[in-house]
Amino acid sequence: MENKRCFENRYVDYTGALLSGQGNEAIVPIVIASIEKIMKKVPVDSSECDGGLYDGPAGVAYMLYYVSECPLFSKQRDTYLKNAKQIIDVSVKYVDREQDKNLRVAFLLGGAGIYAVATMVYKAMGFSDFVKPLTKFRNLWEVCAPISFLECGSDELFVGRTGYLCAALLLKQRGTIAFCALSSHCVCVSVCARLCVPVFVCPCAYMCPFAGAAHGLSSILQMLLSYQEVLSAGEKELVWQSVDFLMNQEQSCNWPAELGSIIQRENELVHWCHGAPGVAYLFAKAYLVNKRPQYLDTCIRSGELVWQKGLLKKGRGICHGVAGSAYVFLLLYRLTGNSKYIYRAGCSFIDVLHRTCVLMYPLFEGLSGTVCFLVDLLHPDKSEFPLFSVFV
């Protein structure tokens with residue numbers, strides 16, 4: 001029966017040699033040409049800045065910043081940063097007008113992510129004005145500290161407090177102090193307060209019914225593991241219990257979109273947003289924190305599933321496209337050093353080039369995320385899924 005969600009993987013697996021044509025001389029021109037295409041499509045008017053980092057122009061600003069950080073694009077660095085600043089300035093003005101602070105605190109769909117990227121862009125350009133968006137970001141922590149501040153999901157990555165913690169981690173990684181330990185502690189405690197023992201008996205009673213990275217439990221736990229230093233001993237134990245609970249929900253190397261459900265072939269999701277390609281990052285973080293081999297083994301099984309079913313029919317993007325699948329191979333390379341995963345990422349790179357891209361510029365659903373993947377393929381030892389690093 002034909003799989004409705006992915007193409008059959010016809011590539012021969014790694015035999016000891018990398019693919020030809022995936023070196024700097026091949027990829028660098030593709031990145032430059034792709035950015036030129038994106039810049040012709042991205043809107044620069046404040047009335048068209050909806051969508052945040054996920055599918056708004058702010059995501060293009062992050063991509064330009066990310067490419068500018070790669071030494072292979074040193075000649076284009078100033079131009080890319082200038083364009084990034086132009087885009088993010090308009091995005092900041094747009095989100096500043098948002099009256100609902102609950103919406104402004106969103107990471108991928110609102111102000112928190114935009115302020116974080118503005119901070120990074122300004123700092124990269126040597127502007128002292130980076131303090132202004134950083135201050136706006138810091139001031140949002142009190143909004144998401146209350147246990148239930150959003151009806152649609154107070155803890156999830158896109159709009160909830162997990163996203164805010166993720167943005168703060170991003171700023172820390174880029175050398176900017178995001179907020180004080182007391183603030184991060186208050187936000188993390190609010191998340192932990194919603195972790196409850198009944199989850200191990202009845203998953204539907206949990207604070208979040210989903211498993212995946214985009215809206216579910218895996219990204220929530222990943223962020224709590226990233227903030228171990230502000231958690232109490234009891235909170236840490238609860239987090240690790242929850243990690244093991246989620247590990248036990250694995251079904252044939254994958255996870256259901258909704259906890260407690262059974263994966264059927266016709267609705268199997270092998271995406272970053274829902275499924276193994278996103279859940280793998282939680283177990284990568286768990287392995288990096290305590291080195292238990294079962295967490296690495298879980299990541300490796302996820303990678304095998306992605307090798308079989310990761311050539312997705314939904315395009316090139318990182319949320320539910322080929323590039324998002326391929327990032328798992330770069331993750332596994334960083335965890336294991338095994339060149340097999342560079343080879344597999346290279347196969348995905350070839351496949352990426354043959355995919356159509358209906359949405360030209362968005363970071364998560366369009367070409368900007370694909371550009372980030374191509375740049376990471378140039379230096380896999382430093383690769384990371386956009387805005388979602390586990391190596392901090």
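**Cysteines, fold and one glycine**

Modeller: Fine. This is a predicted model. At 2% relative accessibility, Cys319 counts as buried.

Biologist: Is Cys6 buried or exposed?

Modeller: Buried, with a relative accessible area of 7%.

Biologist: New topic. How many helices and strands does the protein have?

Modeller: There are 17 helices and 0 strands. The radius of gyration is 20 Å, close to the 21 Å from the globule rule for 392 residues, so the protein is as compact as a globular protein of that length.

Biologist: And what does the C-alpha trace span along its principal axes?

Modeller: About 50 × 50 × 35 Å.

Biologist: What share of the residues is buried?

Modeller: Buried residues make up 59% of the 392. As for contacts between residues at least 6 apart in sequence, 70% of them join residues at least 24 apart.

Biologist: What about the surface? How much of it belongs to carbon and sulfur atoms?

Modeller: The accessible surface comes to about 15,500 Å², and carbon and sulfur atoms account for 53% of that.

Biologist: Charges next. How many positive and negative side chains are there?

Modeller: The protein has 37 positive and 35 negative side chains. The centres of the two sets lie 4 Å apart.

Biologist: Last one, Gly113. Which helix is it in?

Modeller: Gly113 is in helix α6, which covers residues 111-124. Its relative accessible area is 0%, so Gly113 counts as buried.

Biologist: Which residues is Gly113 in contact with, leaving aside its neighbours within four places in sequence?

Modeller: Leu53, Ala106 and Phe107.

Biologist: And how far is Gly113 from Thr370, in sequence and in space?

Modeller: They are 257 residues apart in sequence, and their C-alpha atoms are 19 Å apart in space.

Note on methods:
Residues numbered from 1 in each chain as written. Predicted model: local features only at pLDDT ≥ 70, side-chain atom pairs only at ≥ 80, totals over all residues. Heavy atoms only, no water. Buried < 20%, exposed > 50% of the residue type's maximum accessible area, 1.4 Å probe, protein only. Helix = DSSP H or I, 4+ residues; strand = E, 2+ residues; numbered from the N terminus. Rg over C-alpha atoms; globule rule 2.2 N^0.38 Å. Contact = heavy atoms within 4.5 Å. Areas by Shrake-Rupley, 256 points an atom, 1.4 Å probe, with all protein chains shown as cover. Lys, Arg positive; Asp, Glu negative; His and termini not counted. Charge placed at Lys NZ, Arg CZ, Asp CG, Glu CD.
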